[in-house]
Amino acid sequence: MIRTTLLIALLATLVRPCVAASDALPRKTLQECIEIAIRQQPLLASSAASVEAARERVWESAAAYLPQVGGSFAVNRRHASAGSLTGSSSLGSRSQTFNFYSSGVSLSQVLFDFGQNLALIHRSQALVNAADADAATQHDAVVFRVEEAYFGLLTAYRLRDVAEETVAQSQRHLDVAQGRFDVGYAARIEVTQAQVQLANAELSQVTARNNVDLGRETLRNAMGLVVPLDFDIVDVLEEPIRPIAEKDAVALAEKNRPELRSAMAQEEAASEQISAIQKDYFPKLSGNGAYNWTGSDFPLTDSWNVGATVNISVFNGGLTTAQVGEAKANLSKLQADRESLRQNITLEVRQATLNLHQAAESLRVANKGLQQARENLELAEGRYSTGVGSMIELTDAQTSLSNAEANRVQSLANYRTTLAALERATAHPFVRE
């Protein structure tokens with residue numbers, strides 16, 4: 001009769017209570033978190049400012065093609081003779097003090113420079129494209145940080161649940177061991193073993209709860225928020241596995257990676273820089289005109305002039321030749337850097353696809369291990385309740401189940417994070433498709 005009573009008590013304590021989760025906080029999806037990061041992350045604001053600065057430099061280059069107009073007005077107090085002002089000794093040498101006024105407007109315009117300024121404008125436009133691509137690279141990096149933090153927080157939540165369930169199981173096992181000890185069916189060591197197991201489970205629970213707080217702070221920082229999170233997140237770790245071929249991933253990377261677009265734009269800018277420097281070998285034609293008013297008293301005497309200027313460098317010590325050589329060397333370096341970048345991106349994509357395949361296989365093995373660990377715990381609980389098994393056997397089974405549950409959570413999170421890494425490597429949204 002006592003054995004039957006203990007068995008019923010054990011089965012009652014091993015039934016897991018189903019408590020509805022509290023929905024106190026609103027939940028946001030991964031896409032919503034990414035959208036918040038795009039609005040709030042200061043790194044993206046910095047990138048946008050860099051792009052705007054590059055666009056303004058295009059107008060700086062174009063300004064040389066537009067008319068340059070200036071105006072001036074000057075008042076001087078002079079002490080001089082008429083002869084000193086005109087350079088003639090026949091006008092007398094007596095000096096006097098008087099006011100002298102000078103004002104005027106001037107205009108200059110580049111008429112022909114063999115396309116030098118046009119090449120500089122094209123260079124600035126290419127640098128805008130490079131800045132746009134760099135901003136896209138920063139955008140992808142921010143998105144990946146948010147995805148990592150999002151999946152990290154989901155992992156922390158899952159592991160906290162595992163720790164809390166382990167505490168509940170350890171408490172139930174302690175209650176059963178205490179009951180068996182009270183009626184003389186178990187030794188005191190079984191109770192102390194159960195107490196040690198419960199203490200270890202509670203310690204793991206403290207760590208798991210702290211990891212949740214750390215995960216929320218990591219996500220907050222990745223999103224660029226300055227206040228604590230006032231929302232929870234949607235669990236997407238159970239989404240199905242998707243096969244991705246390495247060949248397709250490499251092709252996507254070569255097509256989409258903004259770093260490659262930036263490298264090509266920088267090469268284009270370097271080519272335009274070479275073209276602009278080479279134009280220094282040729283003459284430049286500019287027109288100019290001015291209208292001036294001068295005199296010591298009003299009304300002032302007016303004068304005007306119109307002319308054209310041709311400038312040509314006859315010899316500058318080989319400066320232009322050296323500048324052209326430097327620019328060509330810089331272009332060669334950019335071309336070599338782009339090829340190196342392309343190879344590194346290919347390596348990154350292939351590593352990501354291999355890691356994704358490994359993560360998928362690890363998840364399959366973890367699911368199998370979890371199923372076996374649950375069956376093992378059920379057997380150990382049954383054996384212990386009937387007096388056949390020992391507390392050590394039950395404790396080992398419980399530990400194995402906790403480890404198996406944690407391994408499955410880590411495998412789920414590793415798969416999602418690895419998929420996000422492949423998304424970052426290919427600049428293609430696998431995670432949010």
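Biologist: Is Asp 337 buried, partly exposed or exposed?

Modeller: Please bear in mind that the model is predicted. Burial is read from relative accessible area, with buried meaning under 20% and exposed over 50%. Asp 337 has a relative accessibility of 36%, and therefore counts as partly exposed.

Biologist: With which side chain does Asp 337 meet in a salt bridge?

Modeller: Side chains of opposite charge can pair when their charged atoms come close. Here the partner of Asp 337 is Lys 333, with 2.8 Å from N to O.

Biologist: How are Lys 333 and Asp 337 placed in helix H9?

Modeller: An α-helix has 3.6 residues a turn, so residues three or four places apart point the same way. Lys 333 and Asp 337 are four residues apart in H9, about one turn of the helix. A further case in H9 is Arg 342 with Glu 339, three residues apart and again about one turn. Their side chains form a salt bridge at 2.7 Å, N to O. Arg 342 is partly exposed, at 31% relative accessible area, and Glu 339 is partly exposed as well, at 32%.

Biologist: How many salt bridges does the structure hold?

Modeller: There are 21 of them. One of these joins Arg 338 to Glu 267, at 2.4 Å from N to O. Glu 267 is buried, with a relative accessible area of 10%, whereas Arg 338 is partly exposed, at 29%.

Biologist: Which residues are linked in a network of salt bridges?

Modeller: Such a network links Arg 158, Asp 235, Glu 238 and Arg 408.

Biologist: Let us turn to a single helix. Which residues of H3 are buried?

Modeller: One begins with the extent of the helix and then asks which way its residues face. H3 (residues 42-62) has 21 residues and spans 31 Å from its first C-alpha to its last, close to the expected 30 Å. Its buried residues are Leu 44, Ser 47, Val 51, Ala 54, Val 58, Ser 61 and Ala 62. They lie on the same side of H3, because they cover an arc of only 115 degrees around the axis. On the other side, Pro 42, Trp 59 and Glu 60 are exposed.

Biologist: Against which helices do the buried residues of H3 pack?

Modeller: They pack against helix H2 (30-40) and helix H5 (116-182).

Biologist: How many aromatic pairs does a search of the whole structure find?

Modeller: The search finds five. Among them, Tyr 101 and Phe 298 form a tilted pair, 4.7 Å centre to centre and with 45 degrees between the planes. This pair links distant parts of the chain: Tyr 101 is in strand E3 (residues 95-112), and Phe 298 is in the loop between strand E5 (284-295) and strand E6 (301-311), 197 residues apart. At 16% relative accessibility, Tyr 101 counts as buried.

Biologist: One kind of ring contact remains. Which residue lies over the face of Phe 100?

Modeller: For a charge over a ring, one reads the distance to the ring centre. Arg 78 lies over the face of Phe 100, at 3.8 Å from the ring centre. Likewise, the charged end of Arg 188 sits over the ring of Phe 181, 5.6 Å from its centre.

Conventions. Residues numbered from 1 in each chain as written. Predicted model: local features only at pLDDT ≥ 70, side-chain atom pairs only at ≥ 80, totals over all residues. Heavy atoms only, no water. Salt bridge = Lys/Arg side-chain N within 4 Å of Asp/Glu carboxyl O. Buried < 20%, exposed > 50% of the residue type's maximum accessible area, 1.4 Å probe, protein only. Helix = DSSP H or I, 4+ residues; strand = E, 2+ residues; numbered from the N terminus. Expected span 1.5 Å × (residues − 1). Arc of directions from axis to C-beta. Contact = heavy atoms within 4.5 Å. Phe/Tyr/Trp six-rings, centres within 6.5 Å; stacked < 30°, edge-to-face > 60°. Lys NZ or Arg CZ within 6 Å of the ring centre and 35° of its normal.
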